[in-house]
Amino acid sequence: MPGVEEPVALAGTVRARTAEQTWAAVAGHLPGFGITRVADLTGLDAIGLPVWTAIRPASKTLSTSQGKGATPLLAKLSAVMEAIELWHAEQPLPAAAVGPAAEVAPHCPVAALPLMAPYPADALARVVCEWTAGTTLVSGATALLPLDLVRRRGQRPAWTPDVWRATSTGLACGNTRDEALLHALFEVAERDVLYRDGQEHGRLRTLIDPGTVDDPHGQEVIGRLRAAGMALEVSLVDGPYGLPVCVAYLWSEDYPVLFAGGGCHSVPGIALTRAVTEAAQSRLAAIAGTRDDLPTAPPAFDLPSFPQPQPAHRASWPQAMASYRPLGGGFADQVRAVARRFESVTGHQPVALDLSGPHCPVHAVQVLCPGTRSRIRRSMPR
C-alpha cells in the first residue's frame, strides 16, 4: 500500500489521511480482523464526547476495544484501529533464532527490557528463549529481541521460562508505517513519564488551570465537561523526552468515581485532549460495562466528593507549554527525531517490530524501547 507521508491535521490528532479516507480503506476488511460490529456508546453518558467500541467475539485478548475522537467517525476509527492492533498482537510471530542472549543476541540489552521480576544481567544472558527480528529506529539496523516480549502468555511453548513481561505499550496502528511508529513512540513516552512520576509520588506534576487552555479543540472538550457538571483536574507531567505528557481526572456527583486518562504528543493541545478524552472514555467504558477486564467489584477509588488539589495554585496553559517546540517535517522525520531522544535518555535505540503483512490496509507495529518502564497497574494514582 503506498504511504502518504504528509501529516493531515485533524481535530485532536494528526494522521496521514483524512478520517473518510481511512474508513474507506478499512471498512471492507473488518471481518478479516474478527470485528463483527461497532457500536456508538456516546449517548450512554451526559458528556457527549464521541466514544465508540469495536467488538471481536473470538478475541484471544480483549473482545471490546474503545475509541474516542472529536467526531463520531474519528471515534469509530479509533475503536476499530485499536481492535486491529490487538488482532495483530494475537497473531504468532516467527522465531528468527533460539538460544541464550550470550550466543544469539550478545548486543541485546536484556537487563533493560521489561521483566517479570528482577534478574542479574549475567543470568538473563544465559536464558534460552526464542528471538524475533526488529529494526532500530535510529540506525535502521536489524536487532533481535525475546519473542516473549510481544507474545501472549497462552502462545508460549511449555519450555519457555516466564522472564519477559509482554505489554501492549508501543502497540500502534496507522495509515502508514511511520504514522504508526510515531504514535507508538508517543505512547511509550507517556507511560514511561507517568511511571517516573509514580516513583516520585506525583512530584513531577504541574497542575493546570483548565480555563486558560487556548487550544480550540481543548476548549470545546473542556466546555462539554463543564456543561455536563464534571469536575476536571489536569496536570502536565515533566519528563526527559521534551514531549508534553498530560494526565487528567474526571469526577461527577451522578457517578462518584474518579476516572483518569493520560496523553502524549508533540502538539501540546493534542496531549491535553488525549488525556481528557481518555478519562471520559474510561468513564463510558465503565457505564457500558462491556470491557472484559473491568473489575467485578466496585472500584476502590470511589469518592463522595472531588477533593481540591494541593497546592491550590494552578499554572496557566500557555505558560506551562512555553518550553515545548513542535516537531518539524513529515512522519518519518518526526520518528527519527523522537527515536534519537529516546536513545539520548536511555542509551538504547527503540526497536520496531512490523506486525502487518503487505496486503493489510493499515500498518500495525510494536515499538520496544529498552530502558523505559510502564505501570503494571492500570490505575493512575492521583
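Student: Which way does H1 pass H2, in a left-handed or a right-handed crossing?

Tutor: In this predicted model, H1 passes H2 in a left-handed crossing.

Student: And what angle do H1 and H2 pack at?

Tutor: The angle is about 40°, and the axes of H1 and H2 are 10 Å apart. The two helices are therefore oblique to each other.

Student: Why give both an angle and a distance?

Tutor: Those are the two things used to describe a pair of packed helices: the angle between their axes and the distance between the axes.

Student: Okay! Which residues meet where H1 packs on H2?

Tutor: From H1 there are Ala 19, Glu 20, Thr 22, Trp 23 and Val 26. They meet Leu 73, Leu 74, Lys 76, Leu 77, Val 80 and Met 81 in H2. Sorted by class, this contact has eight nonpolar, one polar and two charged residues.

Student: Which residues of H1 are buried?

Tutor: H1 covers residues 19-26, and its buried residues are Ala 19, Thr 22 and Val 26. If you look down the axis of H1, they fall within an arc of 65°, so they line one face of the helix.

Student: Why would residues spaced like that point the same way?

Tutor: An α-helix has 3.6 residues a turn, so residues three or four places apart point the same way.

Student: Nice. What sits on the face of H1 turned away from its buried side?

Tutor: That face carries the exposed residues Glu 20 and Ala 24. On the buried side, the cover includes strand E1 (8-10) and helix H2 (72-90).

Student: New topic: how do H5 and H9 pack?

Tutor: H5 spans residues 177-199 and H9 spans residues 331-346. Their axes are 9 Å apart and the packing angle is about 30°. That makes H5 roughly parallel to H9. H5 passes H9 in a left-handed crossing.

Student: Which residues does H5 use to meet H9?

Tutor: Among them are Leu 181, Leu 182, Leu 185 and Phe 186 in H5. The H9 residues they meet include Val 335, Val 338 and Phe 342. By class, the contact of H5 with H9 has 13 nonpolar, one polar and three charged residues.

Student: Is His 201 buried or exposed?

Tutor: His 201 is exposed, with a relative accessible area of 66%.

Student: Let's move on to H6 and H7. At what angle do they cross?

Tutor: H6 (residues 216-227) and H7 cross at roughly 25°, and their axes come within 9 Å. The two are therefore roughly parallel to each other. H6 passes H7 in a left-handed crossing.

Student: What meets what there, between H6 and H7?

Tutor: His 217, Gly 218, Val 221 and Leu 225 in H6 meet Leu 272, Thr 273, Val 276 and Thr 277 in H7. The residues of this contact divide into four nonpolar, four polar and no charged.

Student: Where is Ala 288, and what is Ala 288 in contact with?

Tutor: Ala 288 is in H7, which covers residues 268-288. Leaving aside its neighbours within four places in sequence, Ala 288 is in contact with Leu 41 and Leu 44. Ala 288 and Leu 44 are 244 residues apart along the chain, yet their C-alpha atoms are separated by 7.2 Å. Ala 288 counts as partly exposed, at 24% relative accessibility.

Student: Last one: is Val 234 buried or exposed?

Tutor: Val 234 counts as buried, because its relative accessibility is 2%. Its place is in strand E11 (residues 231-237). Leaving aside neighbours within four places in sequence, its contacts include Leu 207, Ile 208 and Val 247. Leu 272 and Val 276 are also among the contacts of Val 234, and both of those belong to the H7 side of the contact with H6.

Student: And how far is Val 234 from Phe 342?

Tutor: Their C-alpha atoms are separated by 25 Å, and the two residues are 108 residues apart along the chain.

Conventions:
Residues are numbered from 1 along each chain as its sequence is written. This is a predicted model: local features need pLDDT of at least 70, side-chain atom pairs count only at pLDDT 80 or more; totals for chains, interfaces and linings use all residues. Side-chain values use heavy atoms; hydrogens and water are left out. Axes are lines fitted to C-alpha atoms, for helices over the stretch in contact, and angles run from 0 to 180 degrees between N-to-C directions. Helices (H or I, at least four residues) and strands (E, at least two) are DSSP runs, numbered from the N terminus. Angles under 35 degrees count as roughly parallel, over 145 as roughly antiparallel, 65 to 115 as roughly perpendicular and the rest as oblique. A crossing is left-handed if the near helix is turned anticlockwise from the far one by less than a right angle, and right-handed if clockwise. Contact means heavy atoms within 4.5 Å. Ala, Val, Leu, Ile, Met, Phe, Trp, Tyr, Cys and Pro count as nonpolar, Asp, Glu, Lys and Arg as charged, and the others, Gly among them, as polar. Buried means under 20% relative accessible area, exposed over 50%, partly exposed in between (1.4 Å probe, protein chains only). The arc is that of the directions from the helix axis to the C-beta atoms.
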